[in-house]
Amino acid sequence: IFFRDQTLTEEQHMAFGQRFGTLNVHPRYVSLADNPEVFQIRKDPGSSKVVGGIWHQDLTHLPEPPLGSILYALETPPVGGDTLFANQYMAYESLSDGMKQMLAGLRAVHDNRIQSPKIAQAKNADMTTKLRDDADEAEEPESVHPVVLTRPETGLKALYVNSGRSHRFADMTEEESRPLLDYLIEHSHKPEFTCRFRWRDGSVAFWDNRCLLHRALNDYPNHKRYMNRVTVNGARPV
């Protein structure tokens with residue numbers, strides 16, 4: 001759901017998110033001293049990389065991944081910097097009956113190697129938003145989640161794998177998992193499942209992390225893009 005022409009302080013942004021649950025403090029990125037629940041997503045003109053530049057769902061390596069995120073645009077480029085969303089209900093429903101049967105009961109292992117302290121220094125050289133390079137790997141273990149989750153409120157089923165954090169199926173090697181995982185990941189963001197949101201200063205997007213993939217486009221060289229995000233904690237996928 002999208003809103004235009006909003007003016008939010010950090011405290012108001014947090015209060016809105018808290019109406020839906022407790023707020024997440026990002027385990028890898030450097031947080032604000034006063035309001036660590038507010039995740040600053042920044043790209044300065046001299047930076048070459050963006051946060052969230054691949055199709056993904058947020059923090060699915062956690063035992064209880066986020067319910068959703070609320071992103072607020074402070075300063076946007078004159079053109080570009082859109083966010084793409086992909087509907088994972090549609091991705092699942094468009095699969096064949098045979099594929100649905102095969103996926104039933106299948107589980108995927110989710111990790112956080114994409115934000116590992118081992119690569120933080122290299123990533124930070126090209127990013128305005130900084131990863132912590134002193135984080136302990138043991139703070140974020142792998143988590144196993146169903147490949148098809150059922151949203152508790154509606155009973156609808158959604159595909160639940162993503163390229164950033166899903167690298168193998170439970171009880172299988174990465175090599176064994178790769179052909180089917182590659183197919184599902186490519187299938188998950190077909191154009192017919194997607195929409196594209198064009199940001200303006202003061203725009204707000206609130207999305208369900210359980211049934212949507214998203215991707216930030218990096219197509220605005222030499223311009224600034226400043227956003228604030230709060231992320232609502234969720235429950236273990238079923």
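Author: Happy to. Let's begin with contact, which means heavy atoms within 4.5 Å. In the protein chain, 85% of the contacts with a separation of 6 or more are between residues 24 or more positions apart. The model is a predicted one, where local features need pLDDT of at least 70 and side-chain atom pairs count only at pLDDT 80 or more, while totals for chains, interfaces and linings use all residues. Residues are numbered from 1 along each chain as its sequence is written, and side-chain values use heavy atoms, with hydrogens and water left out.

Now the core itself. A nonpolar core is a set of buried Ala, Val, Leu, Ile, Met, Phe, Trp, Tyr and Cys residues joined through side-chain atoms within 4.5 Å. Buried means under 20% relative accessible area, exposed over 50%, and partly exposed in between, with a 1.4 Å probe and protein chains only. The largest nonpolar core has 21 residues, and those with the most contacts inside it are Tyr 29, Ile 41, Val 51, Leu 71, Trp 199, Trp 207 and Met 227. Strand S2 (39–43), strand S3 (68–75) and strand S11 (204–208) each supply at least two residues of this core. Here strands (E, at least two residues) and helices (H or I, at least four) are DSSP runs, numbered from the N terminus. Apart from this core lies another one, of 16 residues, among them Ala 91, Ala 108, Val 161 and Leu 181. In soluble globular proteins, nonpolar side chains tend to be buried together.

Leaving aside residues up to four places away in sequence, Trp 207 touches Asp 58, Leu 67, Gly 68, Ser 69, Leu 71, Phe 85, Leu 212, His 214 and Arg 229.

Burial is found in the helices as well. Ser 177 lies in helix H5 (residues 174–188) and is buried, with a relative accessible area of 0%. Not counting residues up to four places away in sequence, Ser 177 touches His 167, Arg 168, Phe 169 and Met 172. In helix H4 (residues 117–124), Pro 117, Ala 120, Lys 123 and Asn 124 are buried. These four cover an arc of only 95° around the axis, which puts them on the same side of H4; the arc is that of the directions from the helix axis to the C-beta atoms. Lys 118, Gln 121 and Ala 122 are exposed on the other side of H4.

For the chain as a whole, buried residues make up 51% of the 238 residues.
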